[in-house]
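Please view the structure first.

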Amino acid sequence: MKFNIKKNGIITFAFATAMSLSSCVGDLDVTPIDPNLDTPENVLTGIEQYNQLLAKCYSALSVSSPDGDSGAPDISGIDGGFGQYLRALFYMQELPTDECVIGWNDQTLKDLHGLQWTSSDVFVSAMYSRLFYQISLCNEVMRQIGKASNASDPTMQQYRAEARALRGLSYLHAIDMFGNVPFIDENSEVGGADPQQINRADLFEWLVKDMEECAEQLPANPEQYRAGKGLAYMILAKLYLNAGIYTGTPNYQKCAEYCQKIIDLGYKLESRNDYFKMFGADNDKYLGVGHEIIFSVYQDHINTQAYGGTSFIINAATGGTMAYYDMGLGGNGWGGIRLTPEFVDKFAAADQRAAFYVDGQTKEIVDIGDFYSGYAFMKFTNLKADGNLINGSKLSDVRPVAEAVAADATDKEAAAKLTELLKGVNSFSDTDFPVFRLADVYLMLAECQVVGGVSGANGIARFNEVRNRAGVSSIASPSKQDIIDERGRELAWECHRRSDLIRFNLFTSSEYIWAHKGMNSNIGTPHGVDNKYNLFPLASSDVMSNMNLKQNPGY
């Protein structure tokens with residue numbers, strides 16, 4: 001069964017019941033805002049209604065509100081833009097690293113790249129709130145399905161497994177970013193006592209068991225955008241990849257086993273010509289078994305309008321002298337995010353992934369607040385696979401007209417023609433966000449072999465498949481540094497970098513310095529930062545309201 005993410009009559013009574021009470025986390029007021037509440041008996045009348053209930057768990061990854069970009073956000077007290085799940089994730093996983101700087105002065109935003117945030121940071125709290133909102137949504141779907149008279153129906157069980165997998169994704173993000181977190185599952189009492197805090201290693205063990213069971217109940221070849229075995233196996237592979245961080249004991253052997261399970265499902269690496277098409281407006285063509293993208297978050301310029309997700313990434317990456325239509329947009333970008341010079345230097349001249357925009361840009365970041373400081377990056381665009389706009393207009397037709405308008409703002413004929421050529425194109429993106437790709441699996445296998453010493457992983461061969469696809473030569477015996485550098489090049493801006501740098505002990509140490517790390521130019525004065533920044537703090541408001549919680553060290 002399919003569900004339409006666009007508003008689609010998503011049932012919200014259960015979520016209001018669950019999250020207006022203390023089954024959520026502290027006083028974050030994570031309350032769905034919906035005026036048309038109903039009771040389960042009146043609404044959950046058939047399998048299709050449970051399908052629509054589940055749809056909220058998917059759409060909450062795409063949008064901040066079911067009412068579009070101007071609607072009231074799902075969680076109150078947080079701006080609907082930077083509180084959107086994917087945007088919050090990008091802020092946490094990319095802004096503190098060598099892959100990204102941002103020029104905006106919004107509240108404490110620059111503190112993220114400067115690695116100097118505090119426990120009251122609004123952007124950190126936004127991520128924390130969004131995670132536990134999502135976890136609570138999934139719990140409630142599982143709870144409602146468990147109470148249904150037809151709970152044992154195979155379709156209902158699949159819906160329950162999908163909600164379980166999506167909860168696992170958010171718990172993976174929670175264990176990675178926040179460590180010891182409040183714990184709630186479908187058995188937690190609604191309106192009961194404040195949640196207990198779970199130790200990071202214990203959460204690891206629980207999540208591994210939960211995803212192993214979940215994987216058995218999911219289809220090997222799921223409907224597009226829905227959770228399947230590939231998603232569950234990726235969560236397990238990521239857990240074991242980072243087991244040394246989460247538990248103190250590395251387990252590359254198990255990571256390699258789950259990577260192989262994913263490969264055995266039939267996912268395939270895309271061709272060199274199709275690489276950038278995986279980050280364009282019709283990248284759903286590259287989603288699913290037989291293709292490279294294992295799981296993605298749906299984006300649509302009409303049905304998922306939000307100032308997050310790839311709409312944020314593409315608009316924020318567009319500025320300076322860049323032509324907005326070359327990025328697939330219908331108007332000027334927001335001029336925010338660029339690359340550090342240290343990250344630019346990781347790319348060889350032949351590497352096609354070096355999608356830098358340099359016209360008018362300086363490689364060095366002289367002024368972090370100036371978009372012209374730092375190369376722009378054109379990896380994600382809102383262009384279709386044929387290189388044209390989402391409405392079918394050809395760039396070759398748009399460019400001369402747009403240039404004529406730019407040269408003469410009084411040219412009414414050109415302006416009217418441009419309006420017609422851009423009809424239906426706006427600032428919102430059709431480019432789905434690829435949460436997990438097979439290239440990541442190949443690079444994890446390489447790490448298992450090179451760093452973890454796993455024999456028989458065939459990781460080096462897979463590593464070189466990724467490199468060769470990018471147009472660069474093979475490395476016969478890649479080093480540990482080669483592995484982390486290749487992960488950066490291949491997975492740039494896909495929300496893996498912070499976790500990877502921490503695992504390689506490069507995030508806070510003085511061994512690797514990038515521009516403005518620790519809010520310093522670091523020219524001639526290399527230094528690291530406090531190790532406490534390997535974790536984000538729990539939201540201070542939650543710690544103060546829930547006596548069961550202990551703040552992460554140093555905050």
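The charged end of Lys532 sits over the ring of Tyr555, 4.9 Å from the ring centre. This is a predicted model.

**Aromatic pairs**

The structure holds 32 aromatic pairs. One of them joins Tyr128 and Phe178. Their geometry is edge-to-face, with 75° between the planes and 5.3 Å from centre to centre. Tyr128 belongs to helix 6 (residues 122-147). Phe178 lies in the loop between helix 7 (154-177) and strand 2 (181-182). The two residues are 50 apart in sequence, so the pair ties together separate parts of the chain. Tyr128 and Phe178 are both buried.

Tyr233 and Tyr258 form another pair. Their ring centres are 5.9 Å apart and their planes meet at 45°, so this pair is tilted. A plane angle has to be under 30 degrees to count as stacked and over 60 to count as edge-to-face. Tyr233 sits in helix 9 (residues 229-241) and Tyr258 in helix 11 (residues 252-264). The pair links distant parts of the chain, 25 residues apart. Tyr233 is buried, and Tyr258 is buried too.

**Cysteines**

How many disulfides are there? The count comes to 0. The cut-off is 2.5 Å between cysteine sulfur atoms.

| Cysteine | Nearest cysteine sulfur | Distance | Relative accessible area |
|---|---|---|---|
| Cys138 | Cys57 | 3.9 Å | 0% |
| Cys495 | Cys100 | 9.6 Å | 7% |

Cys138 is in no disulfide and is buried. Cys495 is also in no disulfide, and Cys495 is buried as well.

**Helix 17**

Helix 17 covers residues 459-469. Which of its residues are buried? They are Gly459, Arg462, Phe463, Asn464, Val466, Arg467 and Arg469. The list includes three arginines, Arg462, Arg467 and Arg469.

What covers these buried residues? The cover includes helix 11, strand 8 (433-437), helix 16 (438-450) and helix 18 (480-491).

Just after helix 17 comes Gly471, which takes a positive phi of about 90°.

Technical notes
Residues numbered from 1 in each chain as written. Predicted model: local features only at pLDDT ≥ 70, side-chain atom pairs only at ≥ 80, totals over all residues. Heavy atoms only, no water. Phe/Tyr/Trp six-rings, centres within 6.5 Å; stacked < 30°, edge-to-face > 60°. Helix = DSSP H or I, 4+ residues; strand = E, 2+ residues; numbered from the N terminus. Buried < 20%, exposed > 50% of the residue type's maximum accessible area, 1.4 Å probe, protein only. Lys NZ or Arg CZ within 6 Å of the ring centre and 35° of its normal. Contact = heavy atoms within 4.5 Å.
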